[in-house]
Structures are given as structure tokens and as C-alpha cells.
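Hi,

Here is the structure I promised to pass on. Have a look at it first, and then read my notes below.

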Amino acid sequence: MNKTLRWTARTVVVTMSAALFGAIAFGYYTYHRAVDNLVTDDVIVAGDQGVPMPPGSPTLAPRPAEDTTILLVGVDSRTDAHGHPLSREVLDELRAGNADGEQNTDTMMVVHIPADPTKHAFAVSLPRDSYVDIAGGFGTHKLNSAYARAKNAKLTELLNNGVGQADAEKQATTAGRRNLIATVTALTGLRVDHYAEINLYGFSEITKAVGGVPVCLNESVHDKYSGAYFPAGKQTLKGVDALKFVRQRHGLPGGDLDRVRRQQAFLAGLANRIFSAGTLTDPGKVTSLVDSLTNAVVLDKNWDLVSFAQQLQSLTGDRVRFFTIPTIRPDLPTPYDGSAVEVDPAQVRSFVQELLADHQSSTGSGRTGKPEPPKKGKSSVVVQRINQTADEHPIDASEVPCVN
Amino acid sequence: MSTKGLPWWAVAAGATAVAGVGGLVGGPYFPAAVVAGCVLAAIAANRSAFFTVVAQPPLIVTAIAVATLLFGQSFLGAVAQLSTVFPYLAATMAAVGLIVLVRLRLGRNRRA
């Protein structure tokens, strides 16, 4: 009897031990896949930040308490993160045009995560058409051109100096990213600690890897530009459908500002999906998630996928709130760039300062400012009060918010 | 049966304590402490505790990684911690396996 019991106990222990050993081996394999295949770029200019954690070192000690500011960028790149061009089939599926040398950053979001876990994190979207001063002496243009302008200028310069095409392309891309970071820093007054860039195709692959992201629409939409045909109400989107959801801007009451809210809602939903119990405990899903992330994202070189994911995790739950920078006119006529979104940099900086100062209290003032509805043909400048956001209700990651 | 050496529960408690201290200090001390704790246990164990010696390393590192969650470590941090320790874990398993084989061989020779 005693012997049987002992034998059973030993069998259980051996089985557990072997299973854990196997799981840890799988973790190690996956971790190295994630670290080795990740594309990084030296975009955070030295002297700009604290001591980087050595990547890949096992750490149990809590990380030094420091606020972190991340710039999240979505690009409509026709290549994957490794620079390999996407196939025609994939491009057609994405409804992306031919590669025309343009590389606009159509989604830009600054995420601020305070070191103090009792404080709220915030994410501030920067509308792509914001008419701002572009760093590097390029003058005032739409924010989404900061990257491409610097990249193209550097590329021409390097090619004229006889640098090889591939090398020049790489260095020019770094210059483009640095210029975007400099522009955003000048606009918001926030020092950017980390940079994460994601491309279209990778984005759709990530949504497939997590099995779709729940979203909710106030109204049904039919937009032939983006191919977005969705019913009203809750639904789960993945792949190309998810892309259509975050790219649609025609036919929405608030145009690009509504699209920004969609992106915020989608990011919150995606973060929730990644960290939901079903994803990280399923080896198959973890593998495809790691593969899609390494194909999709470019991080700054002092960062790794695990730290990135840990920060992303803070976007789940109700600790984070999403905002959009205050904007003035959505249809500012410009000499060279068509119709742009008017912003006042001083106003943007005070808005960000206010968020930094009072984001610990969720009932702080200025959270429910009514947006200035887009007034067509109105010529007088309507300046929103500084403590008003462009959002009717800040999106909160704890639920699936319904958006336009 | 020989009475020399630690019984199975002391083997498990001792190795866990050594590895746990390393886990609390953090950094490279964790894998080092895992190797040290488990190898010392293999040397100090009573022959009846050899089963514990061989089976315990994966259980100990997992238990400590889980315990760090209580000290404010994030889930992902704990998983990364556990994953990066794998080479040291594998080396530990090989080392304790070898020690146990040698001790079994020596014991047989002595009895013979």
C-alpha cells in the first residue's frame, strides 16, 4: 500500500518535472526566435536616455523606477520589417498601391507609462495630417511626412556620395525615424525613450495570430476606398478586415479624427487579446505571435521584444486612457500639402503637461471636453480650451468601446 | 540503507532555499544559484533521496519564477526569466545526473 502510494507520487513528480523541463525548453527556443529575428534600429539618439538594460540577461530584480515614453508608429510600408518586399498577392489583398517611394507614417501614438503603478498611463494620438514644424529644417508640413522627407533627403545625399543602394537605404531609414522622433519631441515636449514601428502587413498578421480582435461600431459602414464594409455592433476582425477597420477614414463623420479613435480602440482590443489567458498559454499561438511580431515590428536597438510586450501589457486593463492632441481646424488650407489639421504646438505641450501632472486621478478635470465638430467653410479660428481633448469620452482599455 | 546524507525533504528544501536566495538577488545570481543549490544537494543527499535530486531542478526553477510574481514581477517577466534559465537548467540536470551515477557506482564498488 505504502509502496503503491510512493510509486504513484514519484510518477506524478517525474511527469511534472519532465513537462516543466519541456515547457522551459520551448520557452527558451521561442525567446531566442524572438530575440534573434527581431529587427532593431539605432534611432534613439545617445545621451537622450538612461542606462539601457542589457538585453537577454535574466533579471529578477525589479527594473529601476522610471517613466517610459514610447512612440508607436504605423507605416504603410510595402516591405516587411526585414526590408523584404511584399508579394503582389499580399499587396492586392491589402489593397495597397504600387511602391512609389512614398512612406508615410499614418498612425502615430505617444504612450507614456509612469513608473508608479498606481498612476494612470496615457496614450496620445497625433493625427497624421497635423500641420507642424518638421524637424531637420524641412519647414511646416503634415506630420506624416517627417519620416519620408528626412529619409528621401538622406538617401539622395548618400547616393550622390557613392554609397551603395542597400546601405544608403538603411541609413536613410534610420535618419527618417530619427527625424520623426525629433518632430514628435518638439511637438509634444515629451522625450521619447523607445520607438516601435509596425508595418501594414505585419499588423494584419498579428491580428491573425491572436485569432482576431473584438471591435464595436456605432453604425454600419460602406467605404469603397478602404474596402470597409462592416455591420454595426460588436464583431471580431482579423487580417485584411482589421486593416480596413483601422484605415478607413472616408465616410466617417469626423474623418481622420474618427479613424484615430478606431485605432485607439483597436490597439486596446489587440493588447487585451495578446494578454488574454488563451493566447500566451497556447504554444501554437505564441509561436505565430512571435513570428508575426518579428516580421512586423522594428524596435529601437536598446529594446527587446519581451520589454516591448511588457510595456504593451500596461495598455490592457483600465490603467491606460487614450487621448488625441487638441486640434483647431480639421481643414486648414496649406500652400503645398492640401488640406491639413491645424494644431497649436504650445497648446499641445500644455495639454501633455496637464496629462503628466494629473493622470493619476481618473476624475481629473478636462476629460470630457466636447469636441469641436468639424465646421465646413468656417473661416474663423476656433481654439479649443487647453484642457479639452478631442475625444468625447477617452477610450479606456477595460472594455470594447463602440466607435464611429 | 545508509543513514549518511540528507533525507529527501532536506534535499528539496536546501536546494530551493539556495536557488530562492539567488532568485531574490536577481540577475545572473539566479542561474548560478540554481546550479549551486542543485549540485550541492546532489553531493549531500542520502542515497534514498537520489530520486528527488534528479527530479527537482525543473520544479525548483518554476516554483521560484512563480514566487517572483508575488514580489511584483510581471507574468511576462517571469516567463522570460524561466525561458532564459534553460541552458543552466539543462546543465544542472546533466551535472546532478552524472553525480548520482558516479555515487551509485562508488556505492556498488564499496559494497562489493
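Which residues does B:Phe51 touch, not counting residues up to four places away in sequence? The contacts are A:Arg10, A:Val13 and A:Val14. Before you go further, keep in mind that this is a predicted model.

A bit more on that phenylalanine, then. B:Phe51 sits in helix H3 of chain B, which covers residues 50-70.

UniProt, in an unreviewed entry, annotates residues 12-31 of chain A as "transmembrane region". In the model this span is 100% helix and 0% strand, and its end C-alpha atoms lie 28 Å apart. A:Val13 and A:Val14, which B:Phe51 touches, have numbers that fall in the annotated span 12-31 of chain A. For chain B, an unreviewed UniProt entry gives the feature "transmembrane region" at residues 58-79 and 85-106. How much helix is there in each? Residues 58-79 of chain B are 82% helix and 0% strand, with the end C-alpha atoms 14 Å apart. Residues 85-106 of chain B are 95% helix and 0% strand, and there the end C-alpha atoms are 31 Å apart.

Now chain A as a whole. The chain has 11 helices and 17 strands, and 50% of its 404 residues count as buried. Among its contacts with a separation of 6 or more, 70% are between residues 24 or more positions apart. The accessible surface of chain A is about 18,400 Å², and carbon and sulfur atoms make up 55% of that.

Next, the sheets. One is an open sheet of 3 strands in chain A, in the order E11-E8-E17, with mixed pairing. Strands E11 (233-237) and E17 (402-403) are at its edges, each pairing on one side only. E8 (residues 213-217) and E11 of chain A are antiparallel, with 5 bridges, and A:Val213 has A:Leu237 in E11(A) as its bridge partner. Two helices of chain A lie across this sheet. Helix H7 (residues 256-274) lies across E8 and E17, at about 150 degrees to E8(A).

Another open sheet in chain A has 4 strands in the order E6-E5-E15-E14, again with mixed pairing. Strands E6 (139-142) and E14 (332-333) each have a single partner strand, so one side of each has no neighbour in the sheet. E5 (residues 130-134) and E6 of chain A pair in the antiparallel sense over 4 bridges, with A:Asp133 bridged to A:Thr140 in E6(A).

Strand E4 of chain A (residues 121-125) is worth a look too. How many of its residues are buried? The count is 5 of 5. A:Ala121, A:Ala123 and A:Ser125 are buried on one side, and A:Phe122 and A:Val124 on the other. Strand E3 (residues 105-113) of chain A runs antiparallel to E4(A), joined by 4 bridges, and A:Val111 is partnered with A:Ala123. Strand E13 (residues 320-324) of chain A is parallel to E4(A), with 5 bridges, and A:Phe323 in E13(A) stands opposite A:Val124.

Last, the cores. In the largest nonpolar core, of 52 residues, those touching the most other members are A:Leu72, A:Phe245, A:Phe266, A:Leu299, A:Leu305 and A:Phe308. H7(A) gives the most to this core, with 7 residues. A second, separate core has 30 residues, including A:Phe122 and A:Val124. Leaving aside neighbours within four places in sequence, the contacts of A:Leu72 include A:Val111, A:Leu267 and A:Phe308. Helix H10 (residues 305-313) of chain A has 8 of its 9 residues buried, among them A:Leu305 and A:Phe308.

Cheers

Terms used: Residues numbered from 1 in each chain as written. Chains lettered and ligands numbered in written order. Predicted model: local features only at pLDDT ≥ 70, side-chain atom pairs only at ≥ 80, totals over all residues. Heavy atoms only, no water. Pairing = 2+ DSSP bridges. Contact = heavy atoms within 4.5 Å. Axes fitted to C-alpha atoms, helices over the stretch in contact; angles between N-to-C directions. Buried < 20%, exposed > 50% of the residue type's maximum accessible area, 1.4 Å probe, protein only. Areas by Shrake-Rupley, 256 points an atom, 1.4 Å probe, with all protein chains shown as cover. UniProt positions renumbered as here; feature names shortened; annotations may be inferred. Core = buried A, V, L, I, M, F, W, Y, C linked by side-chain atoms within 4.5 Å.
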